[in-house]
Amino acid sequence: MSAESPAADYSGSENQRLSETRSIDYIPLRERHGHPFSQFTLWFGGNLQITAIVTGALAVVLGGDVVWSLVGLLVGQIIGAAIMSLHAIQGPRLGLPQMITSRMQFGVYGAVIPLVLVCIMYVGFSASGTVLAGQALAKLINVSNATGMVLFSAIIVVIAVLGYRVIHKLGKVASVIGVLAFAYLFITLLSTHDLSAVWQNQHFTIANFLLAVSLSSSWQIAFCPYVSDYSRYLPANVSANKLFSSVFFGTVLGTQASMTLGVIVAAIAGKAFSGNEVGYIVGLGSSATMAMVIYFAICFGKITFTTLNAYGSFMSLTTIVSGFRQQTSLSRGGRILFVVLMVTIACIIALISEPAFLKSFTHFLLFLLAFFVPWSAISLTDFYLITKGRVDIPALSQPDGRYGRWNWVGIVVYCLGVWVQLPFIDNPLHHGSLTWVFAGNDVSWIIGWFVTALLWLAARRWDRRGTLERSIHPAE
């Protein structure tokens, strides 16, 4: 984790505005500020929320036991969070949002390919969060679920428009609220239910274990396309080890706590959980007052997480448009328009998919891996092993510059990375022809990551980007 970092002079005053003024443009050194611990609170608080609980519960709902589901989920957290944390280091080193750096590997126009897929991911996660938070908000203020979803979406628009600083502040508050709510729920579970039978029900199968690993690793890898959007304001020479540790432990601890609760609740509830996820969890509150408190905690936790997705979708959509228009920033009016557009689409999907939410979300989450694993492998291999973190930042907005319009080498390697996984994918959306090789167990994402990384290293002989002695930064 020793990618080159530029020297910096941090004597400039910190921008204290509540609303963010920058979009996808480079963050000048004089505007850098903060400490790696802010990343811990952001990802810890952001993962103490209902969608993570439901994701953990899926390991049991789909046939796993409690003990081996928890072990599999933890293994997946560690693998996925390590990859995610390596992406986080790119933020302060480059001072750029995550996905705009894909122009280095795919070309200024070619980066649209992974960006479109990222936008689809953001919309999917935002829709899932809107379903669950809308249900909670509806109970909290006594309105219909549909009204709750619309109101929740309106809140997300406001916060996403304000931007980076507000999102970080929410992450800190969400950490406190999440810890208190989860502590209460765990204590209630232990004091009102006999969990001995749950722990004794152990039936290890490699298929269910790998399913748990895939669920949690896909959860973490799904953060990779935007994790550096929130670390790019840190000083350029921030310690890579401290930043890695802050992101890694924040996201692992927060997600594992949520998924552990989901596993236990699903094991106790049995068939009563599916279709009544929010209601069953809130029912653990044991009193009307505490139920309202838990509903509030669910809503607040989802505000942080869904705002991350709305903000990320705005950044990705802006990157797509700016690539063709050769812009490096976006007006405030454009920012509002893009955020409203993405949140509205997510809200519509949420309203339509609510009746079959759990099934739809499961398929969506697992299939995401096939498309983001090869992108992650290319990005990290290029940053740490080939370019050593050195980038021509002005050229990222110049179609006729160093990185060109379309980098067909990168595009072909990415497509091969997706293609090589297809025969080994085994889920309801796609059943590969070679899943029998691993006894029907889906290990496609592991194959895809390493094969793509090796292909990208082998493709260096066709690299026409040239080498840089150091990064080229815009004039500040």
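This is a predicted model: local features need pLDDT of at least 70, side-chain atom pairs count only at pLDDT 80 or more; totals for chains, interfaces and linings use all residues.
Some ground rules: local features need pLDDT of at least 70, side-chain atom pairs count only at pLDDT 80 or more, and totals for chains, interfaces and linings use all residues. Residues are numbered from 1 along each chain as its sequence is written, and side-chain values use heavy atoms, with hydrogens and water left out.

Let's start with the core. A nonpolar core is a set of buried Ala, Val, Leu, Ile, Met, Phe, Trp, Tyr and Cys residues joined through side-chain atoms within 4.5 Å. Buried means under 20% relative accessible area, exposed over 50%, and partly exposed in between, using a 1.4 Å probe and protein chains only. The largest core here has 143 residues, and Trp43, Ile50, Met121, Ile221 and Val278 have the most contacts inside it. Helix H12, residues 288-325, gives the most, with 15 residues. Helices are DSSP runs of H or I, at least four residues, numbered from the N terminus.

What does Ile221 contact, leaving aside neighbours within four places in sequence? Its partners are Gly80, Ile83, Leu369, Phe372, Val373 and Trp445, where contact means heavy atoms within 4.5 Å.

Next, find Trp68 in helix H3, residues 66-94. Trp68 is partly exposed because its relative accessible area is 34%. Not counting residues up to four places away in sequence, Trp68 touches Gln202, Phe204 and Phe209. Trp68 and Ile206 are 138 residues apart in sequence, yet 9.6 Å apart in space, C-alpha to C-alpha.

Last stop: Ser38, in helix H1, residues 37-47. Is Ser38 buried or exposed? At 17% relative accessibility, Ser38 counts as buried.

Notes:
Helices (H or I, at least four residues) and strands (E, at least two) are DSSP runs, numbered from the N terminus.
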